[in-house]
Amino acid sequence: MLRHVISAECAQMAPCIGATLANYLKNNLSEKFSDMEKVNSLSLATILDPRFKQAGFTNRSNAQAAVERLTRECASLIDASAEDVPLETATSASASEQNHNLWALLDNYVESQHCTSSASASTAVEIQRYLKEQILTRAEDPLKYWVARKTLYQTLWKLACKYLCIPASSVPCERMFSKAGELVARRGAD
C-alpha cells in the first residue's frame, strides 16, 4: 500500500527534489520487499488470511506459487495423518480371518491408499472453495472466521491455526523483557 501511495504521488509531482525522493523511496521499497511474497510462512499466512487471500499479493505468479505451497502443505498434513495408522492396524479383518484370506492385508492397504488419494483431491477442492469465498473486510477478525468454518475446512483450519498465530513483531516480547529487567534492577537497588 505504501508503494501504491508513493507511486500515485509521484505521478502527480512536478520534477523536483520531492519527486526524486519519492522515486528513491519507491525503488528502495521495491528492492527491500521484493522477495517477501516468496517467504513460505508469510505467503501461507497471507493466503490463509480471509481478509487478503490472493489479493494480498502484488505479483500474480507469487500468489499462484503460494496456493501451490498451500496445496503441498495440506497434502503433507494428510499424508502424515495417514502414516499415523500402521499397515498392520489398518486392517479391519480379525487375525483368524486373515489366516484364511492371504490377500486381506493387501486389499486393506490398497483401500487405505485410495482413501488418502481421495482425501488429497478433496483438499484441493477445499482450497479452491475457500479461495472463491468473498474476501472479508479488513476490520473483521480472521480467527473468528476460521473458528466458524473449522468443520467446513478441516485441513485449512489446522494450517490457519499454525500460520495465523505468528506474531507480527517481537515488540510485545521485548517490552516484557524490558519490564522484567526494570523490576529486577529496582529490587536490586532496594
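A salt bridge is taken here as a side-chain nitrogen of Lys or Arg within 4 Å of a carboxyl oxygen of Asp or Glu. In the predicted model, Glu133 and Arg149 form such a pair, with their closest N and O atoms 3.4 Å apart. Because Glu133 lies in the loop between H6 and H7 and Arg149 in the loop between H7 and H8, the pair ties together parts that are 16 residues apart in sequence. Glu133 is partly exposed, at 21% relative accessibility, and Arg149 is likewise partly exposed, at 27%.

By this rule the count of salt bridges comes to three. The side chains of Glu73 and Lys162 meet at 3.1 Å, N to O, and this pair links distant parts of the chain, with Glu73 in helix H4 and Lys162 in helix H8, 89 residues apart. Glu73 is buried, with a relative accessible area of 17%, whereas Lys162 is partly exposed at 47%. Asp49 is joined to Arg51 by a salt bridge in which the closest N and O atoms are 2.6 Å apart; Asp49 is buried, at 6% relative accessibility, while Arg51 is partly exposed, at 23%.

The chain contains nine helices and zero strands, and buried residues account for 24% of its 190 residues. Among contacts between residues at least 6 apart in sequence, 56% join residues at least 24 apart. The largest nonpolar core comprises 22 residues, and those with the most contacts inside it include Ile47, Leu48, Leu70 and Trp146. Two or more residues are given to this core by each of helices H3 (40–48), H4 (60–83), H6 (104–132), H7 (142–148) and H8 (154–163), with H4 giving the most, at five residues. Beyond its neighbours within four places in sequence, Leu48 is in contact with residues including Leu70, Tyr130, Trp146, Leu156 and Tyr163.

Phe33, which lies in helix H2 (residues 17–33), counts as partly exposed at 36% relative accessibility. The accessible surface of the chain comes to about 13400 Å², of which 59% belongs to carbon and sulfur atoms.

Among the elements, H7 has the highest mean pLDDT (94) and helix H5 (residues 95–100) the lowest (52). Over residues 87–93 pLDDT stays under 50, and the model has 10 contacts beyond four places in sequence for this stretch. Where pLDDT is low, the predicted coordinates should not be read in detail.

Key: Residues numbered from 1 in each chain as written. Predicted model: local features only at pLDDT ≥ 70, side-chain atom pairs only at ≥ 80, totals over all residues. Heavy atoms only, no water. Core = buried A, V, L, I, M, F, W, Y, C linked by side-chain atoms within 4.5 Å. Buried < 20%, exposed > 50% of the residue type's maximum accessible area, 1.4 Å probe, protein only. Helix = DSSP H or I, 4+ residues; strand = E, 2+ residues; numbered from the N terminus. Contact = heavy atoms within 4.5 Å. Areas by Shrake-Rupley, 256 points an atom, 1.4 Å probe, with all protein chains shown as cover. pLDDT = per-residue confidence, 0-100.
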